[in-house]
Amino acid sequence: MKPGTFTAFEKTESIARRLARTIIVIAACFLLIIGGMFFSSRSFLDGLTELHQTNQIYDVSRQVNQIISSLDEILSKLNEGGSAGQALPVLRMAIDQESQLLDKALKLSEGRPALKLEVQKINEAIARFTEACERLFSGKGNFKEDSLIARQFALEAIDLLAKFQIQLKSNSDRIFGKIYDGRFRPLIAGITLAIIFTCFSLFMGLGITRQIHRAINGLLEATARVTKGDLSHRAAIVRPDEIGLLTNAFNQMTQSLQDNTVSMLYVQNIIESMQDSVITLDRQLTIVQSNKMTTEIFGYEASDLNGKPCAFLFSENFDFSPGLRETSCLSKSGQQIPVSVSLSRLHGQGENSSGLVCVIEDITERKKAETEMRDMNLALSAANKELEAFSYSVSHDLRAPLRGIDGFSQALLDDLGPKLDKESANHLSRIRVGVQRMGKLIDDLLGLAKLSRKEMIYKPIDIAALVKDVFEELKESEPERKVELTMRVESMKVNADPDLVRVLLENLIGNAWKYTGKVTEARIEFGVIRRDDSDSFYVKDNGAGFDMAYSQKLFGAFQRLHRADEFPGTGVGLATAQRIVHRHGGKISAESEINKGTIFYFSLG
Amino acid sequence: MVFIVNAENPAESISSKELKDYFFKRKPQWPDGSPVRFIDRNESPERKLFLEKLLRQTSEEIDTFWIGQKLYSGNSAPVQAASQSMVIYFVATFKGAIGYVSSASAVTDKKVKVIKVTE
């Protein structure tokens, strides 16, 4: 199998079984040796047994020989002279002994028919002898003749015994010779078999040892390499046995390690790439790890941070409980850095259990921006107030002389009226018109200023009802005009300042009324639509419209996009409307097309 | 000197070699299988003649022979009869017996017969 790849692994061999087989074979060889030794010893043992037996028979025969010889001696003595009667009891005793011995000899030669035969022959010969002796000693018959016969029989028995003994002796010599010749045989057999057995066992054992060794070495080497850091290294699987199984498992583990290391690196990269400082603390608030941004923000190197208690970064009574809070930290250069610190519990195992993770954001810029914004706001609102005060006083102050001009021009007209020529009368009326106009302008300005200073009272109002109200008022003021009002909503409740909203609607619907003045079939529509994820009210007309190119000027005070002779107005109306909408926190905008119509969209918060 | 056997012995004549074999117990059986029983004489003129003429050996030589025989084959020297009448009695008793007497005239028992010994 190629190292580095591992498909589904199947264990088809087994070292354990091979070992078991080896042991069985070795045991079998051992048994063979024992068997061999047993067999080679058998002849040895048999020989010894036979020898022993032979010796025993020999002993018996010797004893018999003794008896017969002694009897023969008695006979010889008798020949030379002596009492036969004395010899008889001796004979009797001798006969008894002999029969006992011969029985013993027969028993001993059991299983050896040749020997048994000999013993029986001897037995017969001795019987003949004893018979002859009996006859002799009984005293009947011729002594000389009988003794001759007896002596012949004695001789024959003795000869047989002698022959028997010689036979036995040669037997035992032969057997002993055989034993002696083969005395080393069992030993040699044993040693030879033992040597063969040892070699065989060694061979088989070495075979297995080598196989296991090679596989394990491969694995050990792989372990060493992986430990050093080479996670791509895989151990080669030598054989599909138990060690192969282990090797496969090791390779899989290494693969898993590799995968995890990659993802670990990935995670580490993320932390290092963050634009915030990330610090992990342990239970004793010692810094375990810090990222690159930490160094950039605080100026300390990683070696200054890791392993040190984090107190030197934070202020004395900093609350380390989990949460988000703003505080001030001390940098290496002694600077106080405003930061936003997010603390959370770090759940882990072992050493990392119940630590803290701090994400620290440098909010210096933000704070600066906030301060700037605050200052700007203050300046702005101050300026606004000044402006309002100014416009109020201006319009107020302008009023006074205007009243004078108006009054005295009127007085002139009253006094001189009939006496004036046409041109002068015209001039005077033009002055009056101008004054009126100026008065209206100032009134409108004043109104606008008042509007800005008015305190807003929020009440729930039905804006649709208000629209209808305002429309009715317009109709009453110009009953001859035919204007159609379309209400897309019949009733709509909003939370707003009723007076301001009335002024707003008076302006918007008033404008719609005004600019449809030249349209025969004037239509005004009011409704609600969804624009940019929020609800907007709209007032739509099919009047004169305006050029969208000049839409920027639309809401500017005194900005008019139509001439006074076309459509009357001071140009403050839309500025007022915008101011009201903005005070409600809403937005106002318009879309239009010349001679087609206009839509004003507005929201109230 | 004549040699005598049992009357029932079928043998009529034997060679001298056979005789010697019978005496020295080299041949223990007659041709018919019966055991040979040689009867010798004690120290006597008959024996002297037997040793000189037939065996052509001295008595000491014979004795030595029998000592050796006892050791190597177990055979003992044949029984020595004290007289000629004993010899005759012996041969008459045993079917396979063979012995020697001084002359044929000494043979008085019908159970005994003389055989010829050829060279």
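Predicted model: local features only at pLDDT ≥ 70, side-chain atom pairs only at ≥ 80, totals over all residues.
Local features need pLDDT of at least 70, side-chain atom pairs count only at pLDDT 80 or more, and totals for chains, interfaces and linings use all residues. Residues are numbered from 1 along each chain as its sequence is written, chains are lettered from A in the order in which they are written, and side-chain values use heavy atoms, with hydrogens and water left out.

**View 1. The interface of chain A and chain B.** Chain A gives 16 residues to the contact and chain B gives 20 (contact: heavy atoms within 4.5 Å). Together the two chains bury about 1,500 Å². Carbon and sulfur atoms carry 63% of that area. Buried area is the accessible area, with a 1.4 Å probe, that two parts lose on being put together, summed over both.

View 2. Three salt bridges cross the interface (a side-chain nitrogen of Lys or Arg within 4 Å of a carboxyl oxygen of Asp or Glu). One of them joins A:Asp159 to B:Lys70. Their closest N and O atoms are 3.6 Å apart.

**View 3. The side of chain A that touches chain B.** Helix 4 of chain A (residues 143–181) supplies the largest share, 15 residues. Helices (H or I, at least four residues) and strands (E, at least two) are DSSP runs, numbered from the N terminus. By class, this side holds seven nonpolar, one polar and eight charged residues. Ala, Val, Leu, Ile, Met, Phe, Trp, Tyr, Cys and Pro count as nonpolar, Asp, Glu, Lys and Arg as charged, and the others, Gly among them, as polar.

**View 4. B:Phe3 and B:Phe50.** The whole structure has 25 aromatic pairs over all chains (ring centres within 6.5 Å for Phe, Tyr and Trp, the last by its six-membered ring; planes under 30 degrees apart are stacked, over 60 edge-to-face, the rest tilted). The centres of B:Phe3 and B:Phe50 lie 5.9 Å apart with planes at 65°, so this pair is edge-to-face. B:Phe3 sits in strand 1 (residues 2–6) and B:Phe50 in helix 2 (residues 45–55) of chain B, 47 residues apart.

**View 5. B:Phe3 and B:Tyr100.** This pair is also edge-to-face, at 6.2 Å centre to centre and 65° between the planes. B:Tyr100 lies in strand 6 (residues 97–101) of chain B, so its pairing with B:Phe3 ties together parts 97 residues apart in sequence. B:Tyr100 is buried at 0% relative accessibility, and B:Phe3 is buried at 3% (buried: under 20% relative accessible area, 1.4 Å probe, protein chains only).

Conventions
Buried < 20%, exposed > 50% of the residue type's maximum accessible area, 1.4 Å probe, protein only.
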